[in-house]
Amino acid sequence: MTDPVHPKLFQSGCMTMGLMTPAARKPGQPADVAIELAVARRADRYGFAALWASQSPPAGADAGDAILDDPFVWLAAIGAAAPGVALAARLELPRHGMPQWLGAARSLQRMSGGRCMLGVTLAEDSEPARLHLEALLAQQGAERVPVLHIDGRADLQPVVRQLHLELDERAGAPAQQSRQGFRGGRIALSAALERLAESGVAHVLVHLVRNGRPVLDVMDELGTEVVPRLALGVAP
């Protein structure tokens, strides 16, 4: 059965963009809720498809870095500021237990009007855990929460890829190799995103890498210069 989340993320002929949150948090410090709400409002205004949250630290971070106590509570808070955006909790299987998240996912699904989804990254030999999670979710009837596989196989579902982004304030700054992912200006970024779309990626999950730029400025540039180009789709 079609759920309201998939049409937000997976649109015929074009790739959509999601944002990992908290987006403006400084290492070792708690998130500034006021700024994150402003980020969420911009994501809604500019047509971002999803806001994401994860209990796990980002790749390469210290074990205690950027961890939310409860990503579902966080998503409920910022989701109220972005009523047109899907809300996704990223989990690792089987690293994260499953039953304890089901109640929170169901609650967020009801509170958000059906905008909740789970994005899972599969550890080795975790296929039984994935199947068990989907079986549990399938028992929820009208409150069923869709499951997306991040960085998964293209033959299983629409492809979701993660991108760590350090956006240079110079629009024409060339793309550079970076351990974090992409570093460069918006022109090179748009070209890189078009290549991703041509390769079959349907949704790109962006992790903003702090480089001294105010995060709201980065959101404005992405929202006015990059996201509209995604909506144009891949040229035939």
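Several elements cover the buried residues of helix H6, among them strands S1 (16-21), S6 (159-167), S8 (181-184) and S9 (201-208), and helix H7 (215-231). This is a predicted model.

**Helix H6**
- Helix H6 covers residues 186-198, which makes 13 residues.
- At 1.5 Å a residue, H6 should span 18 Å, and its end C-alpha atoms are 18 Å apart, so the two values agree.
- The buried residues in H6 are Ala188, Leu189, Ser190, Ala192, Leu193 and Ala197.
- An α-helix has 3.6 residues a turn, so residues three or four places apart point the same way.

**Strand S9 and its partners**
- Strand S9 is mostly covered, with eight of its eight residues buried.
- S1 runs parallel to S9, and four bridges join them.
- S6 also pairs with S9 in the parallel sense. Here there are seven bridges.
- Leu205 in S9 is the bridge partner of Gly18.
- Gln162 also stands opposite Leu205.

**Ser112 in its loop**
- Ser112 sits in the loop between helix H4 (99-111) and strand S4 (116-122).
- Is Ser112 buried or exposed? Ser112 counts as buried because its relative accessibility is 10%, and buried means under 20%.
- The Ser112 side chain reaches the backbone oxygen of Leu108 at 2.7 Å.

How values were computed. Residues numbered from 1 in each chain as written. Predicted model: local features only at pLDDT ≥ 70, side-chain atom pairs only at ≥ 80, totals over all residues. Heavy atoms only, no water. Helix = DSSP H or I, 4+ residues; strand = E, 2+ residues; numbered from the N terminus. Buried < 20%, exposed > 50% of the residue type's maximum accessible area, 1.4 Å probe, protein only. Polar contact = N/O pair within 3.5 Å; in protein donor to acceptor, adjacent residues only side chain to side chain. Expected span 1.5 Å × (residues − 1). Contact = heavy atoms within 4.5 Å. Pairing = 2+ DSSP bridges.
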